[in-house]
Amino acid sequence: MHGITVRSEQESDLKAIEVVHLSAFEGDQEVALVGALRKSKTYDAELSLVAEFNGRIVGHVLLSPARIERDGTVVNILLLAPMAVVPSQSHRGIGSELVREAEARARQKGFEAIVEVGQPNYYQRLGFEPAERWGLGSNLPVETAMITARELTPGALEGGGKVMAPPQFLDLFS
């Protein structure tokens, strides 16, 4: 989309990121999740992206390291969550731009796949596929139908396994 800039978050963006999530979601769970993930040892500011439009932050996405466990092996992946766009700016392609840049950065950093929980219809439009395709489950208390994934390395998800979300995600459900 013309006029959208996607970049890594900066410390001066933190309040605006909170506003984006508060305006997009009911309640402050996502704001709390972003805050908790920022404090984790695996947080990478290059994987916390903001979208600017007309000089304002109107979107945010965060990728967090996670893993898939299967048959004694581990696949290092990223969990995409949360992602939000200010409702007044939706349907402009901002979310798509955030996801495209997130995927590019994940590839640059050598991650093999991205997994997303929630909004499967939206993410399937962006090239994600149902986790069931690979036999993926999750340690999160959600239906498998709510999980989508995208391979960044062909074959990375073959053989399925269990997506192990970081503990900050589990706290959302307690």
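Q: What percentage of the 174 residues of the protein chain count as buried?
A: The model is a predicted one, and burial here means a relative accessible area under 20%. Among the 174 residues of the protein chain, the share that counts as buried is 47%.

Q: Why is the protein chain as compact as a globular protein of its length?
A: The elements of the protein chain comprise five helices and nine strands, and from the N terminus on they run β-α-α-β-β-β-α-β-α-β-β-β-β-α. For 174 residues the globule rule gives 16 Å, and the chain is as compact as a globular protein of that length because its radius of gyration is close to that value, at 15 Å.

Q: Which residues touch the most other members of the largest nonpolar core?
A: In soluble globular proteins, nonpolar side chains tend to be buried together. The largest nonpolar core of this model holds 30 residues, and the elements that give two or more residues to this core include strand 1 (4-8), helix 1 (14-24) and strand 4. Apart from it lies another core, of 22 residues, with Trp 134 among them. Within the largest core, the residues that touch the most other members are Leu 80, Leu 98 and Ile 114.

Q: Which element supplies the largest share of the lining of the largest pocket?
A: The largest pocket has a volume of about 860 Å³, and of the 33 residues that line it, those closest to its centre include Phe 25, Met 83 and Glu 116. Helix 2 (29-38), strand 4 (73-85) and helix 3 (94-108) are among the elements that each supply at least two lining residues. The largest share, seven residues, comes from strand 4.

Methods
Residues are numbered from 1 along each chain as its sequence is written. This is a predicted model: local features need pLDDT of at least 70, side-chain atom pairs count only at pLDDT 80 or more; totals for chains, interfaces and linings use all residues. Side-chain values use heavy atoms; hydrogens and water are left out. On a 1 Å grid over the protein atoms alone, a cavity is a set of points where a 1.4 Å probe fits but cannot get out, and a pocket is an open set with protein on both sides within 12 Å along at least five of seven lines; lining residues have an atom within 4 Å of a point. Grid points are joined across faces, edges and corners, and a volume is the space filled by probe spheres set on the points. Helices (H or I, at least four residues) and strands (E, at least two) are DSSP runs, numbered from the N terminus. A nonpolar core is a set of buried Ala, Val, Leu, Ile, Met, Phe, Trp, Tyr and Cys residues joined through side-chain atoms within 4.5 Å. Buried means under 20% relative accessible area, exposed over 50%, partly exposed in between (1.4 Å probe, protein chains only). The radius of gyration is taken over C-alpha atoms; the globule rule is 2.2 Å times the number of residues to the power 0.38.
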